[in-house]
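Welcome! Here is a short tour of a protein model, written for someone meeting it now. Please take a look at the sequence and the structure before reading on.

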Amino acid sequence: MTDKDKQDKQRQNEDGVWLHCSNTAVRRASRHLGQLYEDAMGDTGLRGTQFSLMSQIAGSNQPTLKNLAEAMVMDLSALGHTLKPLIRDGLVELVPDAQDRRAKRVRLTETGAATQRDLTARWQIAQDRFDKAFGKEKSEELRRVLAFISSGEFAKAFKRGEEA
């Protein structure tokens, strides 16, 4: 690659739509981070979204499908699509709610809990690399900002902004 080609490529990166659109910038960064974190998962066959879902289930004490979808900022259809291979592979199971038999709760199987614990060690390596490359304080601030963007409070404020 010539110097001119390198300069053209650099200019293309600098002129990308992500420099002008927050949504595009976040999605682009999310795809890139997803690839890096999935590399850390190694040959487990699980995607980062599946690991995140399993971790949310592990920390949520058998959430209902509805509560899990809300926590993951997913619709029920997307949640079902993501859960399907985890259920098929015996990592997650759906059980009826004790008080409301119409509601389904999600829980990790014993195999799923062991897998989630094992993957957490791999995830921690990726997380440590992120913190080292980006800076620990900046990483913490980024997660706070992204948590706010993912909140209902932000969604309400964003919609109010549309009315103006």
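In which helix is the place of Ser139? Ser139 sits in helix α7, which covers residues 136–149. Its relative accessibility is 0%, so Ser139 counts as buried (buried means under 20% relative accessible area, exposed over 50%, and partly exposed in between, with a 1.4 Å probe and protein chains only). Setting aside neighbours within four places in sequence, Ser139 is in contact with Phe130, Asp131 and Phe134, where contact means heavy atoms within 4.5 Å.

## How to read this model

This is a predicted model, in which local features need pLDDT of at least 70 and side-chain atom pairs count only at pLDDT 80 or more, while totals for chains, interfaces and linings use all residues. Residues are numbered from 1 along each chain as its sequence is written, and side-chain values use heavy atoms, with hydrogens and water left out.

## The overall layout

The protein chain contains eight helices and two strands, taken as DSSP runs numbered from the N terminus (helices are H or I with at least four residues, strands E with at least two). Along the sequence, their order is α-α-α-α-α-β-β-α-α-α.

Of the chain's 164 residues, 21% count as buried. Among contacts between residues at least 6 apart in sequence, 47% join residues at least 24 apart.

## The nonpolar core

The largest nonpolar core has 16 residues; such a core is a set of buried Ala, Val, Leu, Ile, Met, Phe, Trp, Tyr and Cys residues joined through side-chain atoms within 4.5 Å. Helices α3 (48–59), α4 (65–72) and α5 (76–88) and strand β2 (104–108) each supply at least two residues of this core. The largest share, four residues, comes from α3.

Leu53, Met54, Ile57, Leu83, Leu86 and Val92 have the most contacts inside the core. Not counting residues up to four places away in sequence, Val92 touches Met54, Ile57, Leu83, Leu86, Ile87, Val106, Arg107, Leu108 and Thr109.

Leu108 belongs to strand β2 and counts as buried, at 16% relative accessibility. Leu108 and Ile57 are 51 residues apart in sequence, yet their C-alpha atoms are 6.9 Å apart in space. Beyond neighbours within four places, Leu108 is in contact with Met54, Ile57, Ala58, Leu91, Val92, Ala113 and Gln116.

Gln62 lies in the loop between α3 and α4. With 29% relative accessibility, Gln62 counts as partly exposed. Its contacts, apart from neighbours within four places in sequence, are Ile57, Val95, Arg105, Val106 and Arg107. The C-alpha atoms of Gln62 and Val95 are separated by 8.9 Å.

## How α3 packs with other helices

Two packed helices are described by the angle between their axes and the distance between the axes. Here, axes are lines fitted to C-alpha atoms, for helices over the stretch in contact, and angles run from 0 to 180 degrees between N-to-C directions. The axes of α3 and α4 come within 11 Å and cross at roughly 125°. These two helices are therefore oblique to each other (under 35 degrees is roughly parallel, over 145 roughly antiparallel, 65 to 115 roughly perpendicular, and the rest oblique). Ser52, Leu53, Gln56 and Ile57 of α3 make this contact with Leu68, Ala71 and Met72 of α4.

Helix α6 (residues 110–134) packs with α3 at an angle of about 115°, with the axes 10 Å apart. Here Phe51, Met54, Ser55 and Ala58 in α3 meet Gly112, Thr115, Gln116, Leu119, Thr120 and Trp123 in α6.
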